[in-house]
Amino acid sequence: MTDHQRTPLFSALLEHAQKQPHQFHIPGHKKGEGMESGFKSFIGDNALSIDLINIAPLDDLHQPTGVIGEAQRLAALAFGADYTLFSVQGTSGAIMTMIMTVCGPGDKIIVPRNLHKSILSAIIFSGAKPVFVSPERDKKLGIDHGVSVRSVKKAIEMHPDAKAVLVINPTYFGVCTNLQAMVETAHRYGIPVLVDEAHGALLHFHDKLPMSAMQAGADMAATSMHKLGGSLTQSSLLHVREGLVPVKRAQTLFSMLTTTSTSYILLASLDAARKNLATRGREMAERTIRLAQEARRRINEIPGLFCFGDEILWTETAYDFDPTKLTIHVRGLGMTGYEAENRLRDRHNLEVELSDLYNILCLITPADTEESIDVLLRSLEELARGRGCGGQAEERDIRLPDIPQLSLTPRDAFYGDTEKIPFLESAGRIIAESIYVYPPGIPILLPGEVIGERHIAYIADHLEVGLPVKGPEDLTLREVKVIVEANAIF
């Protein structure tokens, strides 16, 4: 039986620090002695004593054969994977590893349109050609759910040579598609499924939560342990199932994308977080779910606020739901989510995870208590009273324009010869950068796509009302970077 009480890497670090060896290696601060005194005092001797490097007793993340290898094997067992790699490049690094493991120049990959920037980065670096599938939009709440099994199946039938399907599950708002059915569909065609599971660290440890990527049979999954699993920021896990994915190639790509100066503090936090979830995960999740459900019930008693729950589960793309995510719809207060976030910060010293046009998102985690939930609820009650529930906020049309035609691979566009031209005069040109608008945070234009009049009008409307536009070098969008068009030769 696996002994999940053990923390091989963390314990080895403690044992090494207790020996107090004479250090003639990096980091140069040498347990804080060469560091600014105020920072050293704040961080503390304990943390600084294990800020070490890959000396022999502590193994090497790039070729793990000792305590790091053992810690990774325990993590794989805890999450139901064949192999697990510790990422100190965040989930972004793990996602890039997944895509570049299975895709090379010209290879097709089926991806949701609401892709994270790390997905686009991997597509650019690998030279892959994305086949986009649109997520389902909840018009009432103004948020995106996942992509449907039906739409992914159609994409596979149109592109049976695709090298992988990438799925975001759960979404930022905790909504899940029927991941198991999607995996089974892709596997019938011999296509691996990669899962961006950034917001699903707890899923594997409680049957009241949606199915985890490994439980659903996915081939690779990137899980943000630091988001909800209790490790330090920037530390994540990459899970691999042997079969459709070349495991050794995944390790090679992972090493290529990972710093050689790996943080042992981050690695140790992953080892300790795995122990916590493997030994207490169900208990932790049970308590977190209970707190979140009670908070949801009380939020829905506040006039002008709405926090959705299981009633959202009526479509193919909203197949399951993580109740620890509190998406609070504030439109009934006559304000936007951005206004609500700012008021909570300025008047109540309370920070939320995100805000958009109609919503704020609050994460309930194993760190929460009844006291912290009460603070949230009191703040929301005062927010509602202070606004007086003065009717609905102005409703804006946030229907997205059609996905543009992809004329060049994102890599060819990103590295191509470019010029800047007035954005309002760019219709018909191939864009060489990205433009995202918020809400909903889905890219309207990506490198290699043809700019249409409808895209210009949509983006210009967002700029006019002051909503965020991200991605381009010129955030005012007076100019946009496009591919240089060669003159015709007669």
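**Close-up A. Lys30 in a loop between two helices.** At 30% relative accessibility, Lys30 counts as partly exposed, a class that lies between buried (under 20% relative accessible area) and exposed (over 50%), with a 1.4 Å probe and protein chains only. The residue sits in the loop between H1 and H2, where helices (H or I, at least four residues) and strands (E, at least two) are DSSP runs numbered from the N terminus. Phi of Lys30 is near 45°, a positive value in a residue other than glycine. Most residues other than glycine have a negative phi, and most peptide bonds are trans.

The model is predicted, with local features requiring pLDDT of at least 70 and side-chain atom pairs counting only at pLDDT 80 or more, while totals for chains, interfaces and linings use all residues. Residues are numbered from 1 along each chain as its sequence is written, and side-chain values use heavy atoms, leaving out hydrogens and water.

**Close-up B. The cis peptide bond from Ile26 to Pro27.** Omega is near 5° for this cis bond between Ile26 and Pro27, and Pro27 belongs to the loop that links helix H1 (8–18) with helix H2 (37–43).

**Close-up C. The cis peptide bond from Asn169 to Pro170.** Here the bond leading from Asn169 into Pro170 is cis, with omega near 0°, and Pro170 lies in the loop between strand S6 (164–168) and strand S7 (175–176).

**Close-up D. Gln234 and its positive phi.** Gln234, which is not glycine, has a positive phi near 95° and is placed in the loop between helix H9 (225–229) and strand S10 (236–240). Because its relative accessibility is 42%, Gln234 counts as partly exposed.
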